[in-house]
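User: I'm new to reading protein structures. Could you show me how to look at strands and sheets?

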Amino acid sequence: MNERLTFNRHDGEAWPAPWATQHAHFIKRFSDVRHQYWSEPLVELKGGLPRPLSFDDSVLSGMARKAAQVMRHTCTTCGKPGKVLRLGGAWAVRCGRCCGKTLLANQIQDLADALDSVSDFAPFGATAVWHEHDLPMLLRSSIPSYCWRCTVPPGQEPLRYLAREDIESLMPWLNKLAAVMNDD
Ligand SMILES: [Zn+2]
């Protein structure tokens, strides 16, 4: 397992490590089959996803197709089996666990952005509130229950909400959470 991780993508950028490992593996397989040293990329990145490059050599083309196929089923974050999905407006390959972590980190960022724009544009004295159902599910369930305020509209179910200052005081903790989600 001492394969090169230094292969760059077709456009010169570095591959995510799990993809670099697989790419190197298929290059090595080709080199073994042909007893020939090969150092060029087999795969290019199109719209965020690996796509096989085509070659005159049918064995090389086959390796490129197989490499792209395996990479499209490999989480770029942890290397476990993953699926192609939309994340933050782009195509990505993630396992369920890493997808949840990226989603939560994005949702925290969206909340921080919303808080900024409310601070900038809310009319003087206006109170900004976020009702429980305004927040996406993952983010909502990450907020400790004691942080919520509660109101009971006449004849209705209790309604949980956060005021701007609640979110402001939660933000340092949420930012730490987002950093952990992004790092791990
Ligand atoms: Zn993963």
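User: In what sense do E6 and strand E7 pair, and over how many bridges?

Analyst: Here is the general idea. Strands of a sheet pair through backbone hydrogen bonds, either parallel or antiparallel. In this predicted model, E6 and E7 (residues 159–163) pair in the antiparallel sense, over 3 bridges. To see the pairing residue by residue, find Arg149, which stands opposite Tyr161 in E7.

User: What is the strand order of the sheet?

Analyst: The order is E5-E7-E6, an open sheet of 3 strands with antiparallel pairing. Strand E5 (129–131) and strand E6 (149–151) are the edge strands, each pairing on one side only. On average, neighbouring strands here are turned by 40 degrees against each other, direction ignored.

User: Which helix packs on the sheet?

Analyst: That is helix H5 (residues 164–183), which touches E5, E6 and E7. The direction of H5 makes about 70 degrees with that of E7.

User: What do E1 and E2 form?

Analyst: They form a hairpin, with 2 residues between the strands. E1 (residues 43–46) and E2 (residues 49–52) run antiparallel and are joined by 4 bridges. For example, Val43 has Pro52 in E2 as its bridge partner. In the turn, Gly47 has a positive phi of about 60 degrees.

User: Where does pLDDT stay under 50?

Analyst: As a general rule, where pLDDT is low, the predicted coordinates should not be read in detail. Here pLDDT stays under 50 over residues 1–6. For the protein chain, the mean pLDDT is 85, and 88% of residues reach 70 or more.

How values were computed
Residues are numbered from 1 along each chain as its sequence is written. This is a predicted model: local features need pLDDT of at least 70, side-chain atom pairs count only at pLDDT 80 or more; totals for chains, interfaces and linings use all residues. Two strands pair if DSSP finds at least two bridges between them. Axes are lines fitted to C-alpha atoms, for helices over the stretch in contact, and angles run from 0 to 180 degrees between N-to-C directions. Two residues are in contact if their C-beta atoms, placed from the backbone, lie within 7 Å. pLDDT is the predictor's confidence in each residue, from 0 to 100.
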